[in-house]
Amino acid sequence: MRAFFHRLVSLLRRRRLDDDLDAELRSHLEMATDRNLQKGMTPKDARRDALRELGGGSGLGGVDRIKETYRRQRGLPMIETALEDLRFGFRMLRRSPGFSLLAVLCLTLGIGGNVAVLSWIEGILFRPFPAVVGQERLLALGGTARGTPGSDDLSWPDFVDFQRSCRLVELIEDKIMGTTLSIGDRAERASGSIVSPNYFDALGIRPVLGRGFSPDEGSGRNAHPVTVISYSTWKERFRGDPAILGKTQVLNGLPFTIVGVAPAGFYGTFVGYSMQFWVPTSMLERFDAGGYKLEDRGARWIEGFAKLKAGATREQAQEEIAAVAKRLEAAYPETNRGRGVELLPLWKTPFNKASELLPTLGITLAVVSLVLLIACANVSNLLLVRSLARQREITVRLAVGCGRGRLLKQLLTEGLLLSALAAAGGLAVAYACRNVLVMFFPASSGIALNLSGELDWRVLTASAGVCLLSTLLFGLFPATQSSKVDLAAALKAETGGVIGGDGGRGSGRARVRAGLILVQVSLSFVLLVGAGLLVRSVQEMRTASPGFSTEDVLTTGLDLFSAGYAPQRAKEFQDRLVDRVRAIGGVESVALARVRPFSYLPYSSAPIAVDGYRAAPDEQPTVEYNEVGPDYFATLRIPLVSGRELARADDETAPLVAVVNETMAARYWKGEDPVGKRVQVKGRWMQVVGVARQAKYGTFLETPKPFFYVPLRQSFSLRAVLHIRTAQAPGTIATALAREIHALDASLAPQEVITLREHLDRSTAPQRIAVALLSLFGGLALLLAAVGLYGVMSYAVSQRRRELGLRLALGASAADLLRLVMSYGLALTGGGVVLGAAAALATTRLLGYILYRVSPRDPLAFGSAFAVMAIASLAACLVPAWRAPRIDPVRALRD
Amino acid sequence: MTSSKAEVLPGTLDLLVLKTLDVMGPMHGFGIAQRIQQVSEELLQLNQGTLYPALLRLEQRGWIASQWGVSENNRKAKYYSLTRAGRRQLQEEVASWERMSAAINRLLRTS
């Protein structure tokens with residue numbers, strides 16, 4: 001140990017110690033010379049004898065050998081040679097800057113892509129809340145219903161019971177809410193969360209000013225109008241006012257006292273969004289148009305987390321909470337039959353952007369891995385070419401006795417240097433790209449998005465691993481090839497095989513390079529097919545009909561709840577507004593509905609019962625529905641299979657009615673026409689008056705499901721969306737609409753007016769991310785493969801100059817040579833495409849999750865990938881092939 | 001080998017250096033080489049080239065220490081001296097050498 005330390009120190013002070021040894025040996029020689037002089041030798045002899053004595057008979061060379069042994073003894077040979085290799089490697093890279101630059105660029109693309117995607121996965125899926133203390137102990141909370149896959153929400157009474165009975169976890173409620181923040185005369189939409197009072201304490205978030213919520217603030221209907229605001233709201237809206245505590249902020253028409261300011265870097269716990277304020281659960285009714293739900297065990301609206309206490313595992317906690325759920329099921333059979341709870345790891349959180357992005361990120365990771373493989377194949381190829389150029393150097397090294405192991409180490413060190421440089425570049429790329437994903441989600445008013453990558457030590461470690469792995473991938477083979485130089489053969493000229501001739505005669509290295517090209521071409525083909533499939537899928541989504549018309553429909557929100565309207569006044573307002581909007585020039589029809597299709601806001605859902613339909617013992621048929629106004633089906637052009645549209649006459653005084661969709665009719669009435677039959681919803685009987693054509697309700701990817709519509713007037717909501725059928729541009733309508741709203745109520749802020757198509761496109765962000773990334777990386781992969789093919793072809797032509805010249809001299813025509821070279825290049829491409837097509841057929845199934853109406857084996861996608869690949873490889877082969885017949889036969893043969 | 005001089009046995013150079021420093025006090029490399037050859041009455045042929053790496057090895061193990069000084073005829077020289085650990089080591093090595101040579105001698109006499 002002591003010796004090791006000594007050596008380590010020596011390593012750092014080698015220059016000084018070298019001087020030291022020189023001085024010591026010099027003094028030894030001088031003393032020996034003095035002694036010899038005293039013996040009576042001539043000065044010249046005296047010195048020579050001293051040297052001989054010290055060096056063991058070989059004069060100065062001997063002294064150098066002592067120094068070498070001494071140095072070896074002094075330092076740590078392994079580190080020292082590694083340092084030497086590193087210095088030498090740098091020199092070699094500087095000597096051929098073109099090669100180095102190209103190799104580092106290729107690898108930077110490969111490694112950078114991987115680091116960026118890893119950092120997204122870390123920052124979005126695994127550790128999305130860096131400010132939270134102990135986020136690795138957070139689990140997402142999901143309610144389950146027997147017989148229904150997936151998770152939904154919990155009710156507040158259930159939540160409280162779980163909180164009270166569970167010993168292993170602390171439950172945290174966190175429900176996102178939108179509202180209007182008015183400060184002075186500026187009214188803006190803002191997003192915030194309704195949270196359980198333990199929220200800040202349980203997450204370990206200490207407000208920079210004031211406090212979090214106290215336990216009593218969770219209960220008491222509307223009893224605690226207090227709020228904690230976010231750091232950025234404090235800084236931007238309140239200009240960092242140090243006396244902010246105790247001031248009030250009006251939220252949804254009610255003044256809330258600001259009791260705290262959250263620390264910078266804490267954005268709430270809803271992946272994707274950046275919250276601007278938090279209020280305690282007791283204030284729910286102020287933000288939820290659905291009314292007071294805190295005492296309703298059947299109203300499920302709570303999303304949240306469970307934080308494991310120290311030492312508990314997810315399995316134990318799951319067991320415990322499942323047992324509590326069983327007890328609740330027995331105690332409250334009406335509301336809780338078949339209900340359970342599951343605790344999920346954060347990356348499986350069912351209710352935020354993480355779950356939306358999970359498949360996309362998975363695909364992206366696969367894509368960047370492929371790109372890295374292609375980049376490695378390319379660099380491997382470059383290294384093979386360069387090892388030929390360095391053959392002389394390597395032969396000399398081997399000839400003077402350099403061990404093959406040492407040579408291998410040297411070559412791998414050079415490779416490591418390349419990938420380390422690339423990794424540094426890759427980190428920069430990843431850092432620059434950490435917020436790129438947000439750009440795919442369009443800014444809509446009132447929602448601050450936050451989807452950033454996280455470059456923590458785990459990502460850095462993984463990146464170092466990627467760097468090492470890729471070094472081995474691209475460096476090992478060329479290095480072993482180079483160090484296997486046959487000394488005797490290396491003295492002879494390279495004896496070339498024949499282009500396009502049998503591979504057996506080509507050198508092993510040429511075969512390897514051809515193999516690498518095959519790999520590159522086939523991998524890029526897979527990526528091209530994947531990109532093609534996704535482009536087709538997004539096209540389908542753009543053009544496909546979701547079952548309602550998206551052309552010429554404008555939509556805008558109408559939030560009378562936040563404006564503080566009473567239901568009666570709101571109904572009158574809605575009617576008058578609809579009449580006024582219908583009167584605007586160019587407007588065909590207008591309809592209100594509570595929920596816009598394809599939005600984050602969930603539809604209502606209710607247990608139903610149907611005459612004559614017998615449910616399975618454990619099944620509680622539950623169906624989603626939307627509350628819609630008159631003319632809804634006409635405005636959205638949803639065809640009615642039978643029966644009639646909902647009308648203005650279907651109001652609160654009329655008998656309850658509903659329109660069901662085809663799937664619901666088929667499932668619960670077994671193919672009979674349900675018009676005239678009845679359905680029980682939340683205990684109220686309604687008469688079915690119509691059957692609507694099946695449509696998509698939430699996403700393009702969903703399978704047909706039962707759904708029904710009830711009149712808005714019979715299940716009233718203060719929040720609604722206006723759908724306007726018109727050929728006019730959104731801008732024109734927005735101005736007219738603002739005028740009409742202003743005429744009715746000057747204090748009401750109009751919201752953004754967008755086309756329904758635009759609204760749908762916004763909901764397909766994950767698909768568009770996948771398309772953009774796959775197209776980008778597919779293009780890069782194609783470029784890399786083409787560059788590789790070009791390199792191999794040019795090199796093959798330059799190596800075979802002699803043979804090509806001979807053919808020319810013997811009378812081959814230019815066209816013959818062109819054909820010869822081209823056919824070789826195209827054979828390589830063809831082989832790669834065949835392999836790639838096989839691989840693609842086997843793997844594109846994995847895209848199935850996000851493909852809409854496109855088969856994973858779509859011939860068009862395969863065909864266009866083939867066409868693109870063919871064009872790229874033609875272009876890559878053409879220049880070398882064109883050069884081939886222009887070889888001067890006389891010079892080629894003389895060289 | 002016609003020469004009557006014997007090479008220093010491998011592994012014994014350390015012992016010779018330690019013993020020399022024990023007897024003579026601090027000495028420089030040249031002095032140590034001279035001393036070993038004189039005392040052995042020129043019978044031992046010391047390859048001086050191996051001396052400096054050996055000195056370094058002993059220093060790395062903490063058995064000797066070095067310091068620059070001035071020699072008797074005014075030349076700058078590096079002086080080596082025995083440390084306490086070196087003294088202990090010397091005792092051990094002497095003991096082990098005696099055990100070994102006694103054993104070898106016994107073996108030689110019986111044949």
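Predicted model: local features only at pLDDT ≥ 70, side-chain atom pairs only at ≥ 80, totals over all residues.

Me: Why is A:F598 called buried?

Reply: The cut-off for a buried residue is 20 or more other C-beta atoms within 10 Å. A:F598 has 20 other C-beta atoms within 10 Å, so the residue is buried. A:F598 belongs to the loop between β15 (587–593) and β16 (604–610) of chain A. Its phi is near 60 degrees, a positive value in a residue other than glycine.

Me: Why does A:N222 count as partly exposed?

Reply: Partly exposed residues fall between the buried limit of 20 or more and the exposed limit of 12 or fewer. A:N222 has 13 C-beta neighbours inside 10 Å and therefore counts as partly exposed. A:N222 sits in the loop between β5 (209–210) and β6 (226–229) of chain A. Phi of A:N222 is near 55 degrees, which is positive in a residue other than glycine.

Me: How do you know that the buried residues of α7(A) line one face of the helix?

Reply: The buried residues of helix α7 (residues 156–165) of chain A are A:W156, A:D158, A:F159 and A:F162. Viewed down the axis of α7(A), these buried residues fall within an arc of 155 degrees, so they line one face of the helix.

Me: How do you know what span is expected of helix α26 of chain A?

Reply: The expected span is 1.5 Å times one less than the number of residues. Helix α26 (residues 814–843) of chain A has 30 residues, for which 44 Å is expected; from its first C-alpha to its last it reaches 43 Å, close to that value. Residues buried in α26(A) include A:L817, A:Y824, A:G832 and A:A840.

Me: What makes β8(A) a partner of β5(A), β6(A) and β7(A)?

Reply: Two strands pair if there are at least two bridges between them. Two bridges join β5(A) to strand β8 (residues 254–261) of chain A in the antiparallel sense, with A:V261 as the bridge partner of A:L209. Four bridges join β6(A) to β8(A), and these strands run parallel; here A:V226 stands opposite A:T257. Strand β7 (residues 248–251) of chain A is antiparallel to β8(A) over four bridges, and A:Q249 stands opposite A:F256. β7(A) and β8(A) form a hairpin with two residues between them, and A:N252 in the turn has a positive phi of about 50 degrees.

Me: What makes β2 and β4 of chain B edge strands?

Reply: The open sheet has three strands in the order β2-β5-β4 (chain B), with antiparallel pairing. β2 (27–28) and β4 (64–70) of chain B each pair on one side only, and are the edge strands. β2(B) is joined to strand β5 (residues 76–82) of chain B by two bridges, and B:Y79 is the bridge partner of B:H28. Chain B has four helices and five strands, in the pattern β-α-β-α-β-α-β-β-α along the sequence.

Me: What makes up the contact between chain A and chain B?

Reply: The contact takes 23 residues from chain A and 18 residues from chain B. On the side of chain A that touches chain B, α1 (2–12), α2 (14–38), α3 (43–55) and α4 (59–74) each supply at least two residues. α2(A) gives the most, with eight residues. By class, this side of chain A has seven nonpolar, eight polar and eight charged residues.

Methods
Residues numbered from 1 in each chain as written. Chains lettered and ligands numbered in written order. Contact = placed C-beta atoms within 7 Å. Nonpolar A, V, L, I, M, F, W, Y, C, P; charged D, E, K, R; others polar. Arc of directions from axis to C-beta.
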